[in-house]
Amino acid sequence: MSTDLHPSIVALISLAANVAANHPGQGLCQLERLKDYGVSREQIDTVIEIARHIRDESAQKLDAKFDAAYAGHFPQAAGRLAAIAVAENGACCTPTPSGKSCC
């Protein structure tokens with residue numbers, strides 16, 4: 001049994017990782033490879049949507065954690081932070097805006 005991943009899967013993973021990590025190259029180098037492997041635009045769109053959702057969710061959770069720590073240092077500023085509140089969701093994984101699962 002081979003444990004090697006198909007090159008199209010590796011390219012999708014690379015694209016997703018680049019997008020989720022905010023890499024300057026954004027995984028654009030993978031697009032031609034994915035097209036050459038026959039991966040559909042819809043499948044690529046799904047990977048990009050999920051990667052962006054995970055990236056955005058991560059940023060929101062980090063912002064919420066920072067805001068809580070900041071408020072601990074400056075309790076009087078807590079009300080001002082509420083004006084720029086971050087959506088915090090207790091779930092481990094929430095669906096993307098179009099309803100796709102990232103888990």
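Leaving aside its neighbours within four places in sequence, which residues is Asn18 in contact with? The answer is His23, Gln26 and Gly27, where contact means heavy atoms within 4.5 Å. Asn18 itself lies in helix H1, which covers residues 7–20. Helices here are DSSP runs of H or I with at least four residues, strands are runs of E with at least two, and both are numbered from the N terminus. Asn18 counts as buried because its relative accessibility is 16%; buried means under 20% relative accessible area, exposed means over 50%, and partly exposed is in between (1.4 Å probe, protein chains only).

A word on the model comes next. This is a predicted model, in which local features need pLDDT of at least 70 and side-chain atom pairs count only at pLDDT 80 or more, while totals for chains, interfaces and linings use all residues. Residues are numbered from 1 along each chain as its sequence is written, and side-chain values use heavy atoms, with hydrogens and water left out.

Stepping back to the whole protein chain, there are four helices and zero strands, so to speak an α-α-α-α pattern when read along the sequence. Of its 103 residues, 24% count as buried. Among the contacts in the protein chain with a separation of 6 or more, 62% come from residues 24 or more positions apart. The protein chain exposes about 7300 Å², and carbon and sulfur atoms supply 59% of that area (Shrake-Rupley method, 1.4 Å probe; for residues, only the protein chains shown count as cover).

Back at H1, its packing against another helix can be described too. Two packed helices are described by the angle between their axes and the distance between the axes. For H1 and helix H3 (residues 41–73), the angle is about 35° and the axes are 8 Å apart. The axes are lines fitted to C-alpha atoms, for helices over the stretch in contact, and angles run from 0 to 180 degrees between N-to-C directions. On the H1 side, Leu12, Leu15, Ala16, Val19 and Ala20 take part, and they meet Ile44, Val47, Ile48, Ala51, Arg52 and Arg55 in H3. The residues of this contact divide into nine nonpolar, no polar and two charged (nonpolar: Ala, Val, Leu, Ile, Met, Phe, Trp, Tyr, Cys and Pro; charged: Asp, Glu, Lys and Arg; polar: the others, Gly among them).

Then there are the charged pairs. Side chains of opposite charge can pair when their charged atoms come close. With a salt bridge taken as a side-chain nitrogen of Lys or Arg within 4 Å of a carboxyl oxygen of Asp or Glu, the count comes to three. Arg55, named above for its part in the contact with H1, forms a salt bridge with Asp56, the closest N and O atoms being 3.1 Å apart. Arg55 is partly exposed, at 22%, and Asp56 is partly exposed at 37%.

Also in H3, Arg41 and Asp45 sit four residues apart, about one turn of the helix, and their closest N and O atoms are 3.8 Å apart. Arg41 counts as exposed because its relative accessibility is 65%, whereas Asp45 is partly exposed at 36%. Helix H2 (residues 29–36) holds both Lys35 and Glu32, three residues apart; this salt bridge has its closest N and O atoms 3.3 Å apart. Lys35 is exposed at 54%, and Glu32 is partly exposed at 48%.
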